[in-house]
Amino acid sequence: MTNRIAELRKARKISQAELADGVDVTRQTIISLESGRYNASLLLAHKIAKYFGLTIEEVFLFEEETT
Amino acid sequence: MKDFLKKTSPYVMFAAAWTLILAAILLGERVPAQINLVLFTLGGVLMGFGAVGIALSRIRLSPEQQKEYERGETDERNVAIREKAAMSSWYWTLYMLWAVFMVIQIFVGGLWGVAISVVIVLHCAFYMVNIHRWNKKL
């Protein structure tokens, strides 16, 4: 799963700390989400999408695994 | 109530520690050495927990730092890290106990072998109890 958090955040000129504050997580969590090391829970994904005024699908890109 | 207990427990532990240590000193040779050892050990452990608890309660944080600290406690990534770390620790402890068990069985045997077997069984039993508990909760 990839996400557009860094792209959306930079477009809106929001710092990682501000976003972290807005969705009630630590800045480290935002860093990990942006780098793709950590996948957000459904609750956090919902909070982040709501923060940007978008849907979850618009922020988080689910890639179906190819076998 | 929970908050009250959280605030007072370090002081209670600290006082209990001194009571146990004083009891061990005052009782001296009037009680068996094992009892004295238990009193000193329990006193030492409680003293450690109490002192650390009191020291932590004295740390004053600014409202921002306090908020950041509380956020760190409930942050979902931190929770996931703690869960994964706990799981890894459980496995590592189990491997270590098995290694100790093998060494003891080969070189020492006897009661130590039985003791380490009990520890391994308890280690696994606590795990299964917690799996059952969380299975009901989630």
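Six residues of chain B and nine residues of chain A make up the contact between the chains; two residues are in contact if their C-beta atoms, placed from the backbone, lie within 7 Å. This is a predicted model: local features need pLDDT of at least 70, side-chain atom pairs count only at pLDDT 80 or more, and totals for chains, interfaces and linings use all residues. Residues are numbered from 1 along each chain as its sequence is written, while chains are lettered from A and ligands numbered from 1 in the order in which they are written.

**The contact, seen from chain B**
- Helix 3 (63-74) and helix 4 (76-107) of chain B are the elements that each give two or more residues to the side touching chain A. Helices are DSSP runs (H or I, at least four residues), numbered from the N terminus.
- Helix 4 of chain B supplies the largest share of that side, three residues.
- By type, the side of chain B that touches chain A has no nonpolar, two polar and four charged residues. Asp, Glu, Lys and Arg count as charged; Ala, Val, Leu, Ile, Met, Phe, Trp, Tyr, Cys and Pro as nonpolar; the others, Gly among them, as polar.

**The core of chain A**
- The largest nonpolar core has 13 residues, and those touching the most other members are Ala20(A), Val23(A), Ile30(A), Ala45(A), Ile48(A) and Val59(A). Such a core is a set of buried Ala, Val, Leu, Ile, Met, Phe, Trp, Tyr and Cys residues joined through C-beta atoms within 7 Å.
- Helix 2 (16-23), helix 3 (27-35) and helix 4 (42-52) of chain A each give two or more residues to this core.
- Leaving out residues up to four places away in sequence, Val23(A) touches Leu44(A), Lys47(A), Ile48(A) and Tyr51(A).

**Positive phi in chain A**
- Lys13(A) lies in the loop between helix 1 (5-11) and helix 2 of chain A. Its phi is near 55°, a positive value in a residue other than glycine.
- Lys13(A) counts as exposed because it has 7 C-beta neighbours inside 10 Å.

**Helix 1 of chain B**
- Helix 1 (residues 2-27) of chain B has a kink of about 40° at Thr8(B), shortly before the proline Pro10(B). The bend is the angle between axes fitted to the seven residues ending there and the seven starting there.
- Its buried residues are Pro10(B), Ala17(B) and Leu20(B).
- Helix 2 (33-58) of chain B is included in what covers them.

**Confidence**
- The model scores ipTM 0.87 and pTM 0.71.

Key: Buried ≥ 20, exposed ≤ 12 C-beta atoms within 10 Å, placed from the backbone.
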